[in-house]
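Please look at how the ligand is held in this model.

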Amino acid sequence: MKHIAILGSTGSIGENTLAVIRHFPKSFKAVALATHSNIEILLKQIKEFRPEYVCVADREAALKLRSRLKGNLKIFAGEEGLEELVSKSKADKVVLAISGSAALPPLLKAIENGKDIALANKEALVMAGPLVMKMASRNKIKILPIDSEQSAIWQCLEGEKYGNLKNIYLTASGGPFRKTGRNRLRKISRSQVLKHPKWSMGPKITVDSATLMNKGLEVLEAMFLFDVPCAKIKVLVHPEAIIHSMVEFIDGVVIAQLSETDMRIPIQYALSYPERLANSLPAIDFYKLKELHFEKPDFGKFPCLGLAYRAATALGTSPAVLNAANEVSVGEFLDKRLEFISIPRVIEKVLNKHRNIAEPDLTEIKAADSWAREEAYNIIERLN
Ligand code: NDP
Ligand code: MG
């Protein structure tokens, strides 16, 4: 029986993780759940899964939860509460399914406490990849990817020598605007962006999928997870999203990982690794699947992808700056204070102003993150 903590249990990945746990009650137990403020869903989860600890990052919502619960379930509150929950819980594995940079402190705390990580969140790794990976190796913990492309690359590389890797083909569905003309992107509304053709996900990553920043963040994520330079990571648009990524070796052999587009599949593998568990999830029917398509991404139409490669080449504090400027821009877009096409413009302006620091420590990363957020807000204010 593996004991699992889920940070971000009320979100899309969190709920899918609980669906996997529900399906395998003899293999997994949810011992700790954490959320930001959605106590209605959390209450249902507490009733069903009976965790030993919960955390609500929003303090007011934590008080409300306390008043609605009988018994003495330990409830942590606030950002520090997330770290306390990670340290005190007897989880062997922490599923990191919080969205955005808020995931970085509990990620570091989990590594410090020797817990294996099932990593869905990408922003924390993008911000501080080299530090996170170094700390993980020092503490002998595994970082098992949940993001479907990273899970695919991980599975393709199993048992292979990394020195034999030639290229990674990181696949992308292309998002909802793959076929939309560049001029029409000017008038894109929030509801058009939030309709992803292949995946149902939280709002932040859905916007990132529409700008292709999600793929850019994944280039950085793959670099850090697999210690591969960005020059060897090629983005490949594959609208069917059946091949979740591929690895090409020096002898010309390409290994691909294929499965239906259902996040429970990579989540289950990150939980069950190194075992595989039989499930009843949808499987590919190759007799029905007649064609798979591939295209080069359009860097002109989706400037976020090029900006991510720029940060991936510069490294240092640049990925943290890219991520912070993107988080602010996406938040402002969701709040209807920024147009869709202005998202890359804001990020580019912030990157242009940034003085990169090579090999930063955590304090320098946090400072770069705060600086980039302030710059992004200032730029957006001037635009309005
Ligand atoms: P959602 O927006 O659906 O869920 C986010 C979860 O994090 C919610 O439980 C939310 O709580 C919680 N949360 C947000 N901020 C905080 C905070 N400051 N402290 C504590 N909890 C917080 O996001 P997704 O599930 O879609 O994505 C989660 C992460 O996984 C992202 O980094 C995303 O990039 C990555 N990912 C997601 C995929 C997907 O298919 N959804 C695929 C691959 C990667 P509350 O509900 O209370 O707001
Ligand atoms: Mg992905």
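## Polar contacts of ligand 1

A polar side-chain atom of Thr 10 lies 2.6 Å from an oxygen atom of ligand 1, and a polar side-chain atom of Thr 35 lies 2.7 Å from an oxygen atom of the ligand, where a polar contact is a pair of N or O atoms within 3.5 Å. From the backbone, His 36 places a polar atom 3.1 Å from an oxygen atom of ligand 1. Taken alone, ligand 1 exposes 910 Å², of which the protein buries 88% (areas by the Shrake-Rupley method with a 1.4 Å probe).

This is a predicted model, in which local features need pLDDT of at least 70 and side-chain atom pairs count only at pLDDT 80 or more, while totals for chains, interfaces and linings use all residues. Residues are numbered from 1 along each chain as written, chains are lettered from A and ligands numbered from 1 in written order, and side-chain values use heavy atoms, without hydrogens and water.

## The surrounding shell

The shell around ligand 1 has 11 nonpolar, 12 polar and four charged residues, with Gly counted as polar. Domain 1 (2–145) and domain 2 (148–261 + 285–304) both contribute residues to this shell, so ligand 1 lies between them; the domain bounds come from an automatic or database assignment.

## Ala 57

Ala 57 is found in the loop between strand S3 (53–56) and helix H3 (59–68), both being DSSP runs (helices H or I, at least four residues; strands E, at least two). Ala 57 is buried, with a relative accessible area of 14% (buried means under 20%, with a 1.4 Å probe and protein chains only). Leaving aside neighbours within four places in sequence, Ala 57 is in contact with Thr 35, His 36, Gly 78 and Glu 79, contact meaning heavy atoms within 4.5 Å.

Definitions and conventions. Polar contact = N/O pair within 3.5 Å; in protein donor to acceptor, adjacent residues only side chain to side chain. Buried < 20%, exposed > 50% of the residue type's maximum accessible area, 1.4 Å probe, protein only.
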